[in-house]
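Hi everyone, thanks for coming. Let me put a structure up on the screen, and then I'll walk you through a few parts of it.

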Amino acid sequence: MDAKPHRDLLEELYERLLEFHGPQHWWPGDGWFEIMVGAVLTQAASWKNVEMALGNLKAAGVLSPESIRRMDGDELAALLYPSGYYNSKAKKLKSLAQFIGDRFSDSVERLKEKDVLMLREELLGIHGVGRETADAILLYAVGKARFVVDNYTKRILSRIGAIEKDASYSSIQRLFEENLAPEIEKYSEYHALLVRHGNSVCTTKPTCDRCCLADLCETGRRALGT
Ligand code: SF4
């Protein structure tokens, strides 16, 4: 497909998902550092369990880079218990907090000043930060227009027929970024809507008969015989 049909399709998907699910107001979280912590904790965890772990950190008064750096690793792991993989996530959070302190003096303003691609490379060098986590941090915590790709994005787009099943992270990201204007609000909402749709309609076993995208979707049209 050339760029225009892709642009039209992506815009149409966005408008329909927004109308169907309503605005999702992502990312849930108070302040940039809480959003970063949430982006790490949500790896292989439901948001409900992440909220419990964030609640523990807040109640203990340690939801800041400095506190995370200073506190004992086992104590931190105990607070993260509800989010699963708590020992590993404690190490990841310590690495992230160390990076924020060493490179940016715990200042989100300094993070914002940095070139987005260079910052992304640095984030990817932190223990436990992969592409999805790095892009979520860039978009939702730092305010840079990077499209976040996850398994829901891949599943929905491949069922629709816009990408191959085995499309790479970077090719899917390019598809969105080359066809949509770099608007932080729209990228934020679009990712949230895809997560919502993948959670509630285009699930492992898709419910195409109640999907707002069915007439645009190869899988949906096959399933419904239209
Ligand atoms: S029509 Fe079915 S397969 Fe296509 S996006 Fe909707 S739920 Fe998923």
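Into which domains is the chain divided? There is domain 1, made of 3-25 + 148-224, and domain 2, which covers 32-142; such bounds come from an automatic or database domain assignment.

Before we go on, a word on the background. This is a predicted model, where local features need pLDDT of at least 70 and side-chain atom pairs count only at pLDDT 80 or more, while totals for chains, interfaces and linings use all residues. Residues are numbered from 1 along each chain as its sequence is written, and side-chain values use heavy atoms, with hydrogens and water left out.

Now, how do the domains meet? Taken over C-alpha atoms, the centres of domain 1 and domain 2 are 27 Å apart. Eleven residues of domain 1 are in contact with seven residues of domain 2, contact being heavy atoms within 4.5 Å. The buried area between them is about 720 Å², with 61% of it from carbon and sulfur atoms; that is the accessible area (1.4 Å probe) that two parts lose on being put together, summed over both. On the domain 1 side, Val148, Tyr169 and Ser188 lose the most area to domain 2, together 59% of what that side buries.

What about polar links? The rule finds four residue pairs in polar contact across this interface, both residues at pLDDT 80 or more. A polar contact is a pair of N or O atoms within 3.5 Å; within protein, one must be able to donate a hydrogen and the other to accept it, and residues adjacent in sequence count only if both atoms are side-chain atoms.

Next, please find helix α2, residues 32-41. Helices here are DSSP runs (H or I, at least four residues), numbered from the N terminus. Nine of the ten residues of α2 are buried, meaning under 20% relative accessible area with a 1.4 Å probe, protein chains only. Among them are Phe33, Ile35 and Leu41. The cover over the buried residues of α2 includes α3 (47-59), α6 (86-104) and α9 (131-142).

My last stop is Lys114, in the loop between α7 (108-113) and α8 (116-124). Is Lys114 buried or exposed? Lys114 counts as buried because its relative accessible area is 18%. Its side chain makes a polar contact of 2.9 Å with the side chain of Glu122. Leaving aside neighbours within four places in sequence, Lys114 is in contact with Arg103, Phe104, Leu119, Glu122 and Lys144.

How values were computed: Helix = DSSP H or I, 4+ residues; strand = E, 2+ residues; numbered from the N terminus. Buried < 20%, exposed > 50% of the residue type's maximum accessible area, 1.4 Å probe, protein only.
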